[in-house]
Structures are given as structure tokens and as C-alpha cells.
Amino acid sequence: MLEVRDLSVSYGAIRALHGVSLRVERGEIVTLIGSNGAGKTTTLRAISGLVKAQAGTIAYEGQSIAKLAAHEIVKLGMSHAPEGRGIFPLMTVEENLELGAYIRHDHSEIAKDREMALTLFPRVRERLKQVAGTLSGGEQQMVAIARALMARPKLLLLDEPSLGLAPQIVQTIFKIIRDINQRGTTILLVEQNAHMALQIAHRAYVLETGAIAMEGDAKELAKSDEVRKAYLGVA
Amino acid sequence: MKTLAQHISEISPARAFRPVAVFVPWVVCVLLALAVHFVSPLLVNEYWESVLQRMGVFIVAAVSLNIVNGFTGQFSMGHAGFMAIGGYIGAGVTYYGSLILHGSVGDPNFAVQGTLLMLAGLVAGACTAAGAGYLVGLPSLRLRGDYLAIVTLGFGEIIRVLLELTPKQVSDAAAVKASPIVSFFGFNGATGFAGTPAYANLFWIWLFVAITCVIAYRMKTSSSGRAFLSIREDEIAARAMGVDLTKYKVRAFVLAAFFGGVAGALYSHTGVNPSPTDAGFQRSFDIIIMVVLGGLGSVSGSVLAAMILVLMPELLRDLQQYRLVLYALLLIVMMLVRPKGLFGVKEIWDLSRGDRKQPVGKGGTP
Amino acid sequence: MDEFFQILIATVAVGSLYALIALGYTLVYGVLKFINFAHSDVFVLGAWTSFTVSVVVLNKIADPSGVTPWWVVVVAFLSAVTVCGVVGYCIERFAYRPLRKAPRLNVLITAIGVSLLLQNVGQITGPAVARGPEKTSIKDGQTVTQAGDPLATVPFGASPKSMPKLIENVVLNESVMQSGNLAGGAMRGTVVFDKPVTFSEGRQYRLDVTRTVANADGTTRVVVEKLNLDAEPGTFEPGTEIRTTPRRTAAELQGSTYELIRSPRVPIGLIEVIIVVVSLSLMVGLQLLIFRTKLGSAMRALSHNIETAALMGVNTNFVISFTFVLGAVLAASAAFLYPMKYPGLNQTAHGIWVLLGLKAFVAAVVGGIGNVRGAVLGGFLIAAIELFGGWAYAPLKDVYVFALLIAVLLYRPNGLLGRAVTEKV
């Protein structure tokens, strides 16, 4: 479904990614783990068109998207819940969700998706009329994911959904991510919380200083010594 | 604030030779001014001498604006206001001073005393401008970027309006002697203040050009200069490193205004009558363009840009109508292709040394 | 007291113009977080465009009756809007877009550059697009025909012009005191009423006279004239003679019908009403656009975070261009209305224009830049301070405005309706 080959990205003179290749198949949850500054977010931003790749190809459903603008990529069915949640704090939760469906015009279908998103996140339903900036971090994250779902994506990119959240809320959110996947949405999940990410993912990539260091089945990676030592904090 | 002498002793590169080293640049300044004064009449006619005078004035103006806009990154758009303050006060001191002391203005027998009066007026004008700079500098603590630009633009306009409201010029010596303080504000409203003798010859102008450049350059390479540059690069980081924002921003404004005042006072002694429009935004823009083209933070860049922009209209007389269009285009194109100006924060002589970065400290306070 | 209300009405009219211009600043600030210094010059461009187009059209149709057809107004308005919209688009596309990620100072300098460019291009005297009548003279026995004086040029040039009167500024709230027939009389410059008339102190009166005049060929035509009355206060019996300007003999007026009209203490002009109505409808329309449409929510999303808006599928470049064009169109509308009230047009770099734009900018800042309602509030506030301050002491009226700006920025840096923005460390 998504195929990234030899992706390189630079910010000015600083090279953030050198030759990252990864693949996401339909129906999977693929996670990209790595430490701070490894280039996880940059990879995701390059895929969704927020930064331009210097080299390499990005193919989505067989079509090259490396040259497309971010808003055109959304129309192809790829939705990106950005790092730090990126909700619109002065708009209500409802308006945030409406913006998620910005590219769509099928009102009855939008209503259905809204219903589905609200079923997944009952907390969001309670807050619909509230201004999004007044929500707690966990609720904002839920709004961000629900909003991304409103575009009815085939591929959902999630950037650090656990960032700054209490462990219990992280549990809830990851359970919902798995639900979303089981309803048929493919997910590419970027996480620093390798422990949680490897639990729900099918396959995983480990990113180190801008390049893929390891890849493989999530369960197996979770057992490998290097990953356990470096990312799971097990001696 | 420290005195100038303290600054100089603090920033002198060769502390071991302080007694000598302190005086060397100033001697050089005087020599340079003498050179310009005596050599240029041999090479050019009177008309071009007046161009050289104007060039000197605008170099002082551009270099001084660079202290606040370039070094410190506080975008001031009211520099013409400071210049006008200096210009009017300076002209006032000379004109009314001559009337009180000598009973007439511009008498050749009074030239020496007149020149002394000009210097007194220059100091008075520059200090008044510096006081205004202090007042304008204060809001810069709370305002950034665009807002500050507008407030300073507004400041210039306020000065213009206030100058337009000044009472009629008094030319009667007896009347001035009778009420000197009231007469002194007789700046003649919107018509402008006429009759100030042209005591600012090439020597004086270029002496101040040299002094301003030396002080600005030393300022830049001193610890204060590093504090200025750190504020410009990142205010929050500068504050975190212990740079006292209040102190340095206000200091930058005061210094810039002081030398802006010097430029104005010199200008009003070159036979050009100061008028309220001198405080307006058009003049401020002229100086901003010089600073931006030369490079925000580059003293030599400002000097060069001021030279070019004063010379250009002289060379392009036929294109007078298009001159300002050309300037505007130059500004836009410069921002698009070379956003740092000709030299950026560097000096002309840094260029030959390759890409060595300016020693921009992470905000060092003394 | 009358003067107070007159100033109040002027405040509402001028304030709505300021508000329209201020909205352009605020809209652009909202999406791009920088002050579009060239905005005031787009406004000036609009005023000159509607002037040039009106002059060209009026010159072409050359209607001897001097009555301006209604469609000239529409054409002038649309051309101002179109020209400003296109220029607004180009400014964003070619000057600002390449700098989208550049430091703010560079954008600020570019904006100043664009502003200077517009001012100075406008000042160049270009070829004439409308000329007055040809001049003929006899020289050495030959008839020499000279081209007429240029009435309008493109670019506009540096000489001041006066906006032609597109709409008659009819006073809407004047009242007809009485009407009837004018009786005869003999003296020059007098009029004799057929009924008693009462004139009161401190009011102005006018006489609209309708009479039939015989032409030389025996036909007749109807003439309507507006005569001013220099009336002493008091009640006048029929037969009392009252002076008029221009002077008309009673014989001339014999047999005419008249309407005696008392000017209101506080006149409300048609143009003021047009200004307020048009401005307010544009403001309401803008409010609806921003808060009720998809495009509006895209604009709001963009104002918070351009990248996240792009992730929602918003075509950010389009929305930004649209916002610029929208701001330019609002400025053009204000620019079309402004010379109707103040017909004197100065050269494009004239201090008056720059100050006008600055005041509108101050309005946007005082109200809270980025805030649509704030811009409107600020517009009225600035107009009030300027006009009422000018009433108290006129020479300082510009100073009041900037003093207000500085005070607001120091004590409420985000403006009256603005929200506090904390800078991330």
C-alpha cells in the first residue's frame, strides 16, 4: 500500500534522513520506533508531503506521491494525525471534526463516519460543543485521531499518540488504535513508547539517526536483545 | 549606563597597550577627516562637495540606525524623527545662539565662534535625540517586530506634527534676547527653519563619519555588541543566557538616536533647511533601505550602501522619476535573492577571510 | 450639540471605512502572522483606479446634461475591486510566498519594499487615458489643433486630482416646510411668498423653485432651481420680500411653484448612508464567510497552524491567496467609497494616504490584530478619537491616534479583543 525507498530529507545543511526504506501492507499496523531525533517524525512528514524529499521515492497504492502537496495527498486517502496533536484550540471539537472531513462532500457518509468516530471515542462526544483548547491532553489526542478518521482514510499516520499522556489514557488510546485497524484502516504508527507500540503492531521498523537499523515482525523485535536493551529498558 | 570612555577601555582589543591603543583610532579619524577636507576640493567641484557632505550625513544616519535595526534586530522605522530632533535643536542653537551672542547670523567674522556653537548644538541635539531614543526604546521591551516598527513610525509622525505646530521663526536679535527660551522653539512650523549658516564643512562631517563608524564597530565587537546580536538572534535564548534585555534594547535605541541626532545636526548645518517632513517616514525609509542593502549588522555595509544610494540619484539624473521605483525593486529583489543584504552581519574585510563566522557569543554580559 | 451629532455621523462613516481597511490587515495577519505594509497602498491604488475609470468613462459618454448614469458607479467600483484583487494576488504570489519560511524581519522589509514600489510606480506620470477638449488656435494664419489637457493618466502621476461626482450627496433628512405659488414683486433678488412663513434662529433654508420658461422658438421648458434664502428669524406675512442667492427678480419668479425646505440641524447625506450600508454589509458578509462556510473554517484553521490545516486537505496556498485577494477587495471597496466623501486625490505617496493606511492599521492593532470584530471596533474607535479629538484641538488629531496605539500596546499588547499569545520557548 505504501512503499518508501531510499528516502533522504535535509533541513538546510543538516541531513535528517539518509536512505530510509519501509513498506506498509494493506490492513497492517506498522510501527516506526526509535529514540528522540532519530527521524521518525521527519519520515512521517515526508510521506504526508509536509517536507520535500531530497532523494528517494514514496509510492502510495502504486502512485508516486513524493511531488504532491500535502492537501493532495489527503485526497488520496491518507490521513496524518501530527505530533503534538495539532488540534485547532480556538475552534470547538465539532468544528475540528468537520475540518477533518474538509475534502469530502458526501454529507450523509460524513455523518456516518462522525458517528463511528464518536462511538470509538465516547469522551469526544461529551465534549463536542467545547472549545478544543480547553480539553485535557488525552482528550485532545482523541480529537486528533477522530478528526483524522473523518477523512475516511485508507492509511492513517499517527505521530506519537502517547506523547505526554498518563499511562492509563495511553492504554485506552492504543486499544482504540487497534479497533480502528480491525475496522479495516491501515496504520503507520510512529512511537517512542516502543513497549506499547510493539504490542499492537504487526511489523516494526527501528530508526536510528536517520536510517533504518532493524525491521521485522513486531513480536519478534520485542524479544530481540538489542531492542529490549535500547528501547524497552530491559537489561 | 557606562560612560563612553569606560566602554572604550573595556572593549579595546589590546589592553596591554591601552594608553596608546585608545587614542590611535581617534587620531586616524581626525587624519581621515582632514584628508577628505583638503583632498576632495582638489578633485571635485563645489557641487560634488555638497554631494560628499550629504553622503557623510547619510553614512552617520545609516550606521547609527544599524545599531538598533541591524545589531539588535529591533526594527525602528522612525530614525528620521531622531535626525529631525538633532537637526532642529542643532540649527536652533547655532541660529539663536548667533543672534544672542553676535546680534546677527552668518557673519564671516563670527565663523569660529559659530563653529563652536554648531558643535554645542550638535551635542545638545544629539543628547535630546538620545533622550527621545530612551523614550522610544522603552516600548521595545514589550513590542516585537511589526508592532515596534509601527510604533516607531508613529513616533516619527508625531515629531513631524509637533514640528509643524512650532511658532514662527524669530529673526530679531532684540526679541530673542528678551525671551530666549520662548524664541528658541520658534522653528517656523510647516515651512521649515531657514537661515542656519553652513558651518558643517567636509572636515566636521567626515570626522563624525569616522567617529561614528569606529564607535559602532567597537560596539559590535564588544561584549555589548554580542549582547545586541544575541537579542537579535533569539530574544528568549538571550534572556536565558543572562542578557539584560531592558538594558541592551534601551541602550541600542539611545545610541542609535544619539548618532541619528548627530547626523541631523550636521545636515542642518550644510545649508539645507530642516523642515517637518524631514521627520516623516519617507526619510526613515531612505535610511532603512541603506541599512538593509548593506546588510543588517554590517557597519562597512551600511557605509557602502549609503555611499551608493547617495551617489546613484546623482548619476541617474535622467531617471529621477524612476529612482524610487528602482530602490523599491532593489529592496524586494534583495530580500528574495540575498536576504542578508550585501554583507549580512559581516564586514567587508571579513569576506576575504572566507566563510569564517562572526564571533557571535551566546549572549555574554560583562 | 449639533456639532457633536454631526461629528458622530462623520465618525460612523469614516469609522466604517477604517474598519474595511483594517479588516484587510487583520485577515492577512490572521493567516500569515505578518503585517502587510503594502495594504494601504492597495487602498490608494483602489481610489486612483476608481478615479481614472470614472474620468475615462464620463469623458467617453460626455453627457451634456452632467447627470452620471448609475452604471458608471458600478463600473468604477468593479474596476477598483478587480485591479486591487489582481494586485493583491500578485503581491502575495511573487513577493511574499517565496519568503513564507523566511525570518519575519525579511518579510517585513519586503512588505515595505512592495509598499514603496506601489507608491512610486503610481507617482510616475504615464500616458493620458482621457483628455479634455482639443484646443485650436490660429497661428500664422493657420489653424493649429492641440491635444486637450490630460484628465487622467496611467500610472497616475504626481499632480492632485478631484474625484468626479458620481452620486449627488442628497441630504436625506431635510423637511419641506411649505409649498405654494410665488407672488409677484418688483425688486431684484427678492421673493414674495403667498403664505406667512416662519424662519427660526440658526437654521438654513432653501427654496426649490419650479417654473416654466419660454424658449426663443415659442416652445417652453421646465426649470428647477435651488435658491438659498438669507432669512432673518421671525414670521413674515405674505408680501414680505426675502433675499435669495443667486439673485432672482420677482418678475422672473412670477407664477412659479415653490417648496420651502429647512436644512436639518444634523444633515445626513446619501453618501454617508451608502458608505455605512455598503461597509456594514461587507462586514456582515465577511463574518458569515469566516464563521459559516467551509472556506472560512479553512481560513481559521490556517490561522492557527498552516501545516495542520494542510493535513486536513486544505489547499493552503489557495486559501492564503484568497485571503489576500479578499483583503484587497475590502480595501478597494473602502477606496471606492472614500473619494465620494473626500473627493481630493493626492499623489500616491502623499502623507495623507500613508497616514490613512496607518490609522487603519492602528485600528486593527487596537482592536486586536487577527480578530475580525476587533478590526471593526478599532475602526470606529480610531475614527471617534480622530474626529472628536480634532474637534477639541485639530492640529493634534494624528497624535491622538498614535498615542492611543502606544497606550493600547503598552497596557493591552494584544489589543482590546485580541487573545493573549504566549510565545513558545
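In this predicted model, the contact between chains C and A takes 16 residues from chain C and 20 residues from chain A. On the chain C side, helix 7 (294–304) and helix 8 (306–311) each supply at least two residues. Helix 7 of chain C gives the most to the side that touches chain A, with six residues. By class, the side of chain C that touches chain A divides into six nonpolar, seven polar and three charged residues.

Let us turn to chain A itself. Its secondary structure comes to ten helices and ten strands. The radius of gyration of chain A is 17 Å, close to the 18 Å that the globule rule gives for 235 residues, so chain A is as compact as a globular protein of that length. Along the principal axes, the C-alpha atoms of chain A fill a box of roughly 45 × 40 × 30 Å. Buried residues make up 47% of the 235 residues in chain A. Among the contacts in chain A with a separation of 6 or more, 67% are between residues 24 or more positions apart.

Two pairs of chains touch, and the pair with the most contacts is chains B and C.

The contact between chains B and C takes 34 residues from chain B and 37 residues from chain C. Three helices of chain B, namely helix 6 (145–164), helix 13 (281–294) and helix 15 (320–337), each supply at least two residues of the side that touches chain C. Helix 6 of chain B provides the largest share of that side, eleven residues. The side of chain B that touches chain C has 26 nonpolar, five polar and three charged residues.

Now for helix packing inside the chains. Two packed helices are described by the angle between their axes and the distance between the axes. Here are two such pairs:

| Helix pair | Angle between axes | Distance between axes |
|---|---|---|
| Helix 1 (residues 2–32) and helix 11 (residues 372–392) of chain C | roughly 140° | within 7 Å |
| Helix 4 (residues 79–102) and helix 12 (residues 245–267) of chain B | about 50° | 6 Å |

In chain C, the angle of roughly 140° makes helix 1 oblique to helix 11. Helix 1 of chain C passes helix 11 of chain C in a right-handed crossing.

Helix 4 of chain B passes helix 12 of chain B in a right-handed crossing.

Notes. Residues numbered from 1 in each chain as written. Chains lettered and ligands numbered in written order. Predicted model: local features only at pLDDT ≥ 70, side-chain atom pairs only at ≥ 80, totals over all residues. Axes fitted to C-alpha atoms, helices over the stretch in contact; angles between N-to-C directions. Helix = DSSP H or I, 4+ residues; strand = E, 2+ residues; numbered from the N terminus. Parallel < 35°, antiparallel > 145°, perpendicular 65-115°, else oblique. Left-handed = near helix turned anticlockwise from the far one by under 90°. Rg over C-alpha atoms; globule rule 2.2 N^0.38 Å. Buried ≥ 20, exposed ≤ 12 C-beta atoms within 10 Å, placed from the backbone. Contact = placed C-beta atoms within 7 Å. Nonpolar A, V, L, I, M, F, W, Y, C, P; charged D, E, K, R; others polar.
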